[in-house]
Amino acid sequence: MSTDRTFTPRALTASEYVRELFKPLDNAAILVRNRSTGHTVQTISKAETIAGPGFQTWLTNQNACGYDVFMGMNPIKDGAYARTKGNIKEIRHVYLDLDRKGNEALEAIRHSTEVPAPNYVLDTSPGKHQVVWKVSGFNQDEAESLLHNLANKFGGDLAATDSTRVLRLPGFANRKLPEEFIVQARQESDAVYTLRDFVIDEDSPEAPRHFGDYRQRERTMPSDHKSQSERDWAYAKRALARGDDPEVVTQRIADYRAEDKADPIYYARHTVAKAQEQLTCERQSPDKAAVSGSRAANNQPDH
């Protein structure tokens, strides 16, 4: 991680934000969409052009005509005319779209020991935010694995977990809302982060599976070692006990075990069902819970 410790947070205009995200000659994708008509226009231009007054005037006019304004978060290869995974030149940013309990999620990120301080925070509507980190050294698999698991960890939008994602551009109105709300951006850090700066519990289905060679280490097998199936069951029980949606818990486990299970969805559903059964037992009869829990943990399908 590289940073200037004397950095002072500041608000950013649309042009300043573009110049912070990209180098002048980077190709960046801009997308404008009219929710009423469904009409969408995407253009790929040099970052210095997008940040310039002519392009900004065009975006202002489009926004005034009912269009929302978005920008791709990673640069596009030279000569490419589409925002596809194959056309992503380099991973420069990872991000979260906090559209549910956004204020609480943002505070959790700011106080978390598992993720570094965000570079940019966008207020996209009352109580909703988009959070962006500047990164280097990521490949697409690593970035998307981290995006997915950050969304799981902090309650972000799981649809916003691919490297081609577009997020809102500050300085323009969010046309999704009945009352005008101008998207605002704050720069809170000038650090550039690497994979090492994101530390999430590897034993949890909320953790990325592609964190790179530096995460690989020799593991000892103590006498009380638990299998991954037992850890999955314990995770499901904890998540359900704190009120997580069973379907979300099921999907997390299925995603986490996708590489080792022939039918990860079946396995995940069985695990969650057993965890729900255990929680029901505990609520009804604490004395029976220990016996039931032992049986549940030892009867996970492992195929």
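Reply: Let's start with two residues that are both buried, tyrosine 17 and tyrosine 120. Keep in mind that this is a predicted model. Five aromatic pairs turn up in the structure. In one of them, the ring centres of tyrosine 17 and tyrosine 120 are 5.6 Å apart with the planes at 90°, so this pair counts as edge-to-face. It's a link between distant parts of the chain: tyrosine 17 belongs to helix H1 (residues 14–21) and tyrosine 120 to strand E6 (residues 120–125), with 103 residues separating them.

Now move on to phenylalanine 138 and phenylalanine 198. Their ring centres sit 6.4 Å apart and their planes meet at 85°, so this pair is edge-to-face. Phenylalanine 138 is in the loop between strand E7 (128–134) and helix H5 (140–154), while phenylalanine 198 is in the loop between strand E9 (184–187) and helix H6 (228–241), so parts 60 residues apart in sequence get tied together. Phenylalanine 138 and phenylalanine 198 are both buried.

Next, look at asparagine 139, which is in the loop between E7 and H5. Asparagine 139 is partly exposed, at 39% relative accessible area. A polar atom of its side chain lies 3.1 Å from the backbone nitrogen of aspartate 141, and for the backbone nitrogen of glutamate 142 the distance to a polar atom of the asparagine 139 side chain is 2.7 Å. Finally, there's glutamate 90: it is 49 residues from asparagine 139 along the chain, yet their C-alpha atoms are separated by 7.7 Å.

Key: Residues numbered from 1 in each chain as written. Predicted model: local features only at pLDDT ≥ 70, side-chain atom pairs only at ≥ 80, totals over all residues. Heavy atoms only, no water. Phe/Tyr/Trp six-rings, centres within 6.5 Å; stacked < 30°, edge-to-face > 60°. Helix = DSSP H or I, 4+ residues; strand = E, 2+ residues; numbered from the N terminus. Buried < 20%, exposed > 50% of the residue type's maximum accessible area, 1.4 Å probe, protein only. Polar contact = N/O pair within 3.5 Å; in protein donor to acceptor, adjacent residues only side chain to side chain.
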